[in-house]
Amino acid sequence: MATEHNVDMQLNELPAYWFPKRTWTLREGVGGMNNTTRFVEVAGATYVLRLYETHRDSSKIAFEHRVLLELGRRQHELDFAIPQPLKRPNGETMVTLPGGKLAALFTYTEGENPGAFALSQLPHIGKAVGQLSAALSRIELDLKPEYAPYYEIEQIHPRCTPDAIRTFCEQPPGPFAKQKGELAYIFARYMAIYEAIPFIRSLPHQLVHGDINGSNMLIDDDGQLAAILDFEFVTRDVRVMELAVCLSDLIDPSRSESELRHQCDAFCAGYRQHIQLSDAEMRVLPLLIELRRLDVFIHFLGRYLDQIDSQAVLIDIIQSTHEKTKWLQLHGARLLFAHQ
């Protein structure tokens, strides 16, 4: 309780780093697993205060902020807003709190996280992702990305080396004995991706957001995309990975193949207005959608090994990963290429 109180005190004092001679008010925001959020009201304007929770590496935030500032210079190329980090009077865009946590202040866009997208919205969302991908492709920085691309799967979590994943999947500990068959299948798909890494590495690369989903979007009152948020994990990766991440969220095995095909077609129709993928990129797309799913499994396996998440959480992830990767193996290529 004392720790939470201290964090609240630190948050209440943070706006002074940007507004040293102003008064402000704070109200709570909805944070995710990766950060704590507050809204800052100053002289009728609203800003978003983020306290980073996953790391204390200023170089990661410096890269994120540089990308955002570059995108801000290209705002005219986009039909939606991109958050901009505010500079303090000394020119810096972040603050280090006592104890090492890092914080930043961003511009605010009015809107709400969407629920499920209607089919009629998907071409517009796909077009927005294509716009963003095209803008990111034109950004070249003198900073090195701090996050590895998705296909560097041995770097997803420090405790999840290929050998550690093999051991867990082939010889699961007692609490996961009932998931042995599912884990064996997941590891087989892991190895399929591992063996494809040299080919994936040969594909076109650029900066990618890497986590575009409903929780990182804002929709306005008319149902239009207002903003794409949370560039914390922006890095250099294969260009097609941006599309793979988005389609991964669209594909729900509980729905009919016909419905999913219409959704993917609608999204891709918008995306192709700005990005034309090569035949090689399209061929590897189903595998990269699996990679996104496996990335989630490895992430949560690491959280379990770090004693952050419970056995029940990881079992849910195992079951979901097995279901979705198996479905993609059976239907993915037909789903994605039916109308190409």
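**Note on the charged side chains**

1. R239 and E281 are both buried (under 20% relative accessible area, with exposed over 50% and partly exposed in between; 1.4 Å probe, protein chains only). Their side chains meet in a salt bridge, 2.6 Å from N to O (a side-chain nitrogen of Lys or Arg within 4 Å of a carboxyl oxygen of Asp or Glu). R239 sits in the loop between β9 (235-238) and α6 (241-250) and E281 in helix α8, so the pair ties together parts 42 residues apart in sequence (helices, H or I, have at least four residues and strands, E, at least two, as DSSP runs numbered from the N terminus).

2. Before you read on, please keep in mind that this is a predicted model: local features need pLDDT of at least 70, side-chain atom pairs count only at pLDDT 80 or more, and totals for chains, interfaces and linings use all residues. Residues are numbered from 1 along each chain as its sequence is written, and side-chain values use heavy atoms, leaving out hydrogens and water.

3. The structure holds 20 salt bridges. One of them joins R159 and D306, with the closest N and O atoms 3.4 Å apart. This pair links distant parts of the chain, 147 residues apart: R159 is in the loop between α3 (122-137) and α4 (162-170), D306 in the loop between α8 (279-305) and α9 (311-337). R159 is partly exposed at 43%, and D306 is partly exposed at 33%.

4. R88 pairs with E92 in a salt bridge, the closest N and O atoms being 3.2 Å apart. R88 counts as buried because its relative accessibility is 16%, whereas E92 is partly exposed at 43%.
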